[in-house]
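Hi,

Here is the structure I promised to pass on.

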Amino acid sequence: MAPSPDFFTGKTAATFCLPDAQGTQVCLVQFQNKWVVLYFYPRDNTPGCTLEAMQFNAALAEFAELGAQVIGISTDSQESHQKFAEKRNLDILLLSDTGHAVLSAYDSWKPKTIFGKEFFGTQRDTFLIDPSGIIVAVWRKVSVKGHAEEVKKVLLENQKVAGK
């Protein structure tokens, strides 16, 4: 699934600080001068979210070689992230946005309907942010199978264009 045209493409990424699984505050500014793959996912330990996290985790070394940091964000607690990472042997950076502030800033906190009931939840979206903090690609309503490879491909294309 190729990135889609999106309002956020070409805009400066919204800054944030959120706790990781150990409770340490992680801020987007810490990754200034690096590429960032920022992905939002609904819940730890669900089939689609597990597959997505495991695919990004398997490609972590390749992303690192390309100068990119992968960050996953959900509304799950730090404890949930810790259990998820331990259970699945994940080294990926998972952040907790229990108040939905960052999800809202990236327009990934959306109304959903399941079994006729409406509620707000996390839309599975990914943002590729360049080293200067500009969003260069957006994937909305991601289909997880092969997504990490697609993001890596688009990252490489953007690096060639940027001459990096």
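Predicted model: local features only at pLDDT ≥ 70, side-chain atom pairs only at ≥ 80, totals over all residues.

Helices and strands here are DSSP runs, numbered from the N terminus, with helices being H or I of at least four residues and strands E of at least two. Two strands count as paired if DSSP finds at least two bridges between them.

Residues are numbered from 1 along each chain as its sequence is written, and side-chain values use heavy atoms, with hydrogens and water left out.

L38 has F127 as its bridge partner in β8. Altogether, five strands make an open sheet of mixed pairing, in the order β5-β4-β3-β8-β9. At the edges are β5 (93-96) and β9 (135-139), each pairing on one side only. On average, neighbouring strands of the sheet are turned by 20 degrees against each other, direction ignored. Angles like this are taken between axes, which are lines fitted to C-alpha atoms (for helices over the stretch in contact), and run from 0 to 180 degrees between N-to-C directions.

Now the helices. Helix α1 (residues 47-58) packs on the sheet and touches β3, β4 and β8, with its direction at about 165 degrees to that of β3. Helix α5 (residues 147-162) lies across β3, β4, β8 and β9, and runs at about 155 degrees to β9. Contact means heavy atoms within 4.5 Å.

On to the aromatics. Rings of Phe, Tyr and Trp (its six-membered ring) pair if their centres lie within 6.5 Å; planes under 30 degrees apart count as stacked, over 60 as edge-to-face and the rest as tilted. By that rule there are ten aromatic pairs. F8 and Y106 are stacked, because their ring centres are 6.2 Å apart and their planes are at 20 degrees. F8 is in the segment before β1 (17-19) and Y106 in the loop between α4 (101-105) and β6 (109-114), so the pair ties together parts 98 residues apart in sequence. F8 is buried at 13% relative accessibility, and Y106 is buried at 1%.

F8 also pairs with F127, this time edge-to-face, at 5.9 Å centre to centre and 85 degrees between the planes. F127 is in strand β8 (residues 125-129), so this pair ties together parts 119 residues apart in sequence. F127 is buried as well, with a relative accessible area of 0%. Separately, Y39, Y41, F56, F63 and F84 form one aromatic cluster.

Which residues does H81 touch? H81 is in helix α3 (residues 78-88) and is buried, with a relative accessible area of 0%. Leaving aside neighbours within four places in sequence, H81 is in contact with A21, Y41, D44, S74, D76, L94, L95 and S96.

Most residues other than glycine have a negative phi. N33, which is not a glycine, has a positive phi of about 75 degrees. N33 lies in the loop between β2 (25-27) and β3 and is exposed, at 64% relative accessibility. D107, also not a glycine, has a positive phi of about 55 degrees. D107 lies in the loop between α4 and β6 and is partly exposed, at 34% relative accessibility.

Cheers

Notes
Buried < 20%, exposed > 50% of the residue type's maximum accessible area, 1.4 Å probe, protein only.
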